[in-house]
Amino acid sequence: MSKMLEKVPVTILTGFLGAGKSTLLNRILKDPDMRDAAVIINEFGDVGIDHLLVESSGDSIIELSDGCLCCTVRGELVDTLAMLMDNMQTGRIRPLKRVVIETTGLADPAPVMQAIMGNPIIATNFDLDGMVTVVDAVNGLQTLDNHEEARKQVAVADRLIVSKSEMDGAVPLAELEARLRSLNPRAPILDAGATEAGRASILVNGLYDPASKIADVGRWLHDEMALDAHDHGHHHGHHDHEHDDHHHNQNAHDVNRHDGSIRSFSIVESQPIDPMALEMFIDLLRSAHGEQLLRMKAIVALSDKPDRPVVLHGVQNIFHAPVRLPAWPDPSDRRTRMVIITKDLQESFVKDLFDAFLGKPRVDTPDRAALENNPLAIPGMRL
Ligand SMILES: Nc1nc2c(ncn2[C@@H]2O[C@H](COP(=O)(O)OP(=O)(O)OP(=O)(O)O)[C@@H](O)[C@H]2O)c(=O)[nH]1
């Protein structure tokens with residue numbers, strides 16, 4: 001007989017070709033906390049060997065070998081997750097505590113994330129718990145310069161692991177970190193050689209934890225606010241090189257020179273937000289600019305129930321169903337905070353749009369009435 005099970009958190013492990021994903025996974029799989037985890041490995045090419053290199057016993061390693069996870073194998077990934085769920089519900093396998101998907105190094109992460117968040121059946125049973133990206137200290141800088149996919153993998157990561165830093169030819173860590181920070185100012189960076197890097201806990205990113213959602217939301221917010229505090233007391237992180245503050249540290253411009261198109265910034269709002277205004281803002285953003293919205297995470301105070309914030313997260317035009325928390329992670333800070341990562345979409349555009357929906361008067365911006373009539377706005381973000 002089938003039974004209702006807890007949603008299973010899914011972690012995506014990514015990183016460019018040869019970055020050290022399988023090596024890291026091998027270490028993590030030795031952690032006793034990985035006993036009830038399943039690993040899905042995607043390979044590029046005809047002959048799959050990665051699964052042979054990942055040492056583990058039993059049926060917990062599943063290999064998808066028909067191509068790149070971001071394109072052809074997406075259907076296969078969904079089928080595999082559906083099969084795992086069926087096996088759990090019918091008692092053929094023990095309930096899983098986690099699924100890890102190791103992508104091919106060439107994968108654009110967004111479609112993989114969307115396969116989990118955007119498929120209604122999968123999203124009922126699995127929840128994206130974030131992305132861990134491995135970056136190779138020897139080839140990393142060059143790879144980031146040359147490959148858009150590698151930049152996206154870093155930009156949307158919830159955690160970055162630097163491999164091969166002990167090897168000859170590794171770039172100085174400070175240089176690599178500056179580059180990673182230019183793409184992703186917030187994700188914790190950990191050296192693969194560190195003991196913690198081999199623990200199952202690095203797969204937990206706090207976007208979804210069935211047991212203690214609230215504490216984990218607190219953690220990613222903490223990272224976010226630590227950055228903002230660093231940011232000259234500003235509420236908004238500025239990481240694009242078109243920043244108009246001429247007194248800004250020159251080095252900050254330098255590290256961004258390759259990445260003008262990817263931006264990461266935050267929006268902080270102290271007044272609770274009208275649920276309709278938020279819904280329309282998100283709808284417009286994702287329907288008209290979904291392709292440019294690499295990632296968004298938010299905790300929002302809504303005016304109907306300001307004591308119970310809502311957590312949102314999305315990738316491009318796909319958003320997880322909003323989750324109402326029982327209370328604020330930190331009761332002393334009840335502000336709405338959004339972390340947004342975009343590609344080819346100006347920070348000022350997004351902020352102006354947000355202000356317009358909130359009804360804040362601004363010069364040279366469309367008013368809310370005009371935006372409400374926007375034919376591109378689609379229904380569906382019911383909060
Ligand atoms: N010295 C050193 N070698 C490493 C480290 N991480 C990975 N390697 C080596 O780098 C090579 C590639 O590592 P893999 O773990 O297979 O990399 P991958 O990202 O899974 O590779 P693909 O699946 O081909 O994308 C192997 O020879 C590893 O032994 C590290 O931290 N230090």
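Colleague: How many bridges join β9 to strand β10 (residues 310-315), and do they run parallel or antiparallel?

Modeller: There are 5 bridges between β9 and β10, and the two strands run antiparallel, where pairing requires that DSSP finds at least two bridges. Strands (E, at least two residues) and helices (H or I, at least four) are DSSP runs numbered from the N terminus. This is a predicted model, in which local features need pLDDT of at least 70 and side-chain atom pairs count only at pLDDT 80 or more, while totals for chains, interfaces and linings use all residues. Residue numbers start from 1 along each chain as its sequence is written.

Colleague: Which residue stands opposite I299 there?

Modeller: I299 stands opposite V311 in β10.

Colleague: And what about β9 and strand β13, how many bridges there?

Modeller: β9 and β13 (residues 336-343) are paired over 6 bridges, in the antiparallel sense, and in that pairing M296 stands opposite I340 of β13.

Colleague: How many residues of β9 are buried?

Modeller: In β9 (residues 293-300), 8 of the 8 residues are buried, so this strand is largely enclosed by the rest of the structure. Buried means 20 or more other C-beta atoms within 10 Å of a residue's own, exposed means 12 or fewer, and partly exposed lies in between, with C-beta atoms placed from the backbone. Over the chain, which has 383 residues, 44% count as buried.

Colleague: Changing topic, what is the phi of K164?

Modeller: K164 has a positive phi of about 60° although it is not a glycine, and its place is in the loop between β6 (159-163) and α8 (173-183).

Colleague: Is K164 buried or exposed?

Modeller: K164 counts as buried, because it has 22 C-beta neighbours inside 10 Å.

Colleague: What about D344, where is it?

Modeller: D344 lies in the loop between β13 and α12, and its phi is near 55°, again a positive value in a residue other than glycine. With 11 C-beta neighbours inside 10 Å, however, D344 counts as exposed.

Colleague: Now the ligand: how many residues surround it, and which are the closest?

Modeller: The ligand is surrounded by 14 residues, of which the closest are G20, K21, S22, T23 and G105; a residue is included if its C-beta atom, placed from the backbone, lies within 6 Å of the molecule.

Colleague: Which helix gives the largest share of that shell?

Modeller: Helix α1 (residues 21-29) gives the largest share, with 3 residues.

Colleague: Last one, how many helices and strands does the chain have?

Modeller: The chain has 13 helices and 13 strands.
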